[in-house]
Amino acid sequence: MNFSLEGLRYEALEAQLAKSGVNPVHAKPLFRAVQRHLLRNDLESAEGILPPLQRWLASEQAVKPCAMELVDDTASSDGFTRKYLLRLHDGTEVESVQMGFPGRYTACLSSQVGCAMGCVFCATGQMGFSRHLTAGEIVAQAHYVERELRRTQGSSLRNIVMMGMGEPLHNFEPTMEALDIITDDRGMNIGPARVVISTVGYIPGIQKLTRHPKRYSLAVSLHGASDEERGKLIPINKRWPLAELLETCREYSAIKRARVFFAWTLIGGVNDSDDHAQRLAELLRGMDAHVNLIPLNPTEGFDGTMPTEERSQAFQKIIQDAGIPSTIRQRRGIDVAAGCGQLKAKRVKRTGRKPGINVPISGSL
């Protein structure tokens, strides 16, 4: 079965019950139990679950919870980050990251097992592509992080970022279904304004997102100010070049009346010069844009280096002097390979730390 209880929108749950001969009115308590109380076991005894629904849940017709188990739970020494390695029903594995502090917790969710985009400095891109995640598998990651926050911190998620493994806009429909569920006020109730979708420039997905009824924040990876430079780092630039990408982003900004966030991974001696900054500022002139600068995080498959702090700040100053807001991304979870571009569904070797240890978690994207 390619769907699960976590992956059913409210209306889909009503339809599923009706198909099984159960009055759709029973969708309300079941949706609340699954999506707000995050129950997986003993659903039959949850509040408001009446005999007709109990019988359905116990039957062969019932949709079951998502099959997902924890393989590894790693806390970063930075005190801000925790990474979960999760195994799915077919034995494939994905990573989800929790970061933040009470009132400002963020979950970074994966949308695919691996990634087909092949960005050379990204550990997930180096894995290659295995398969898309279902809506239920995406939602179940958010549920897992939320349960852990409730259990260990007495807190809840505030933000969702689709910046984990995979290209979310390449898996458009399941990603949108998952976000519809996560933002439903009958469930987790995380507002669309607190959801960021990251893309390497998958133009068909950006175009669909532009016309999607909800307004999520869009983050686009650039990393190069010319097609030649960008194509060396992001292979799909050969299919959807820079000019076309920026025009699509301008259309998104105009129709959604929203700022576009652009990510620029700073690689020492490759794309961190004053000239690169000036050309980037020129590309974004007149657009409602914000540039997030990300000093390169190390991966086994790429030998690039991180620029100095002084070089990063000089690059940022040029962007800001051109009237474009810019932030240098704080480095989080680097020691446990939970940073931007480091996710690859692999256990992390620890030094003197036991798995599952509770550490104070603070900071946010």
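Predicted model: local features only at pLDDT ≥ 70, side-chain atom pairs only at ≥ 80, totals over all residues.
A residue is called buried here if its relative accessible area is under 20%.

Strand 11 spans residues 289-295, and seven of its seven residues are buried, so the strand is largely enclosed by the rest of the structure. Both of its faces are covered. On one side lie the buried residues Ala-289, Val-291, Leu-293 and Pro-295, and on the other His-290, Asn-292 and Ile-294, which are likewise buried.

Strand 10 (residues 260-266) runs parallel to strand 11 and is joined to it by seven bridges. The chain passes from strand 10 to strand 11 through helix 10 (residues 274-283), and this β-α-β crossover is right-handed. Strand 12 (residues 326-328) is also parallel to strand 11, with three bridges between them. Asn-292 of strand 11 is the bridge partner of Ala-263, and Asn-292 also stands opposite Thr-327 in strand 12.

**Residues with positive phi**

Most residues other than glycine have a negative phi. Two non-glycine residues with positive values, His-223 and Arg-257, are set out below.

| Residue | Phi | Loop | Relative accessible area |
|---|---|---|---|
| His-223 | about 70 degrees | between strand 9 (217-221) and helix 8 (227-233) | 3% |

With a relative accessibility of 3%, His-223 counts as buried.

How values were computed
Residues numbered from 1 in each chain as written. Heavy atoms only, no water. Buried < 20%, exposed > 50% of the residue type's maximum accessible area, 1.4 Å probe, protein only. Helix = DSSP H or I, 4+ residues; strand = E, 2+ residues; numbered from the N terminus. Pairing = 2+ DSSP bridges. Right-handed = clockwise from strand over helix to strand, strands pointing away.
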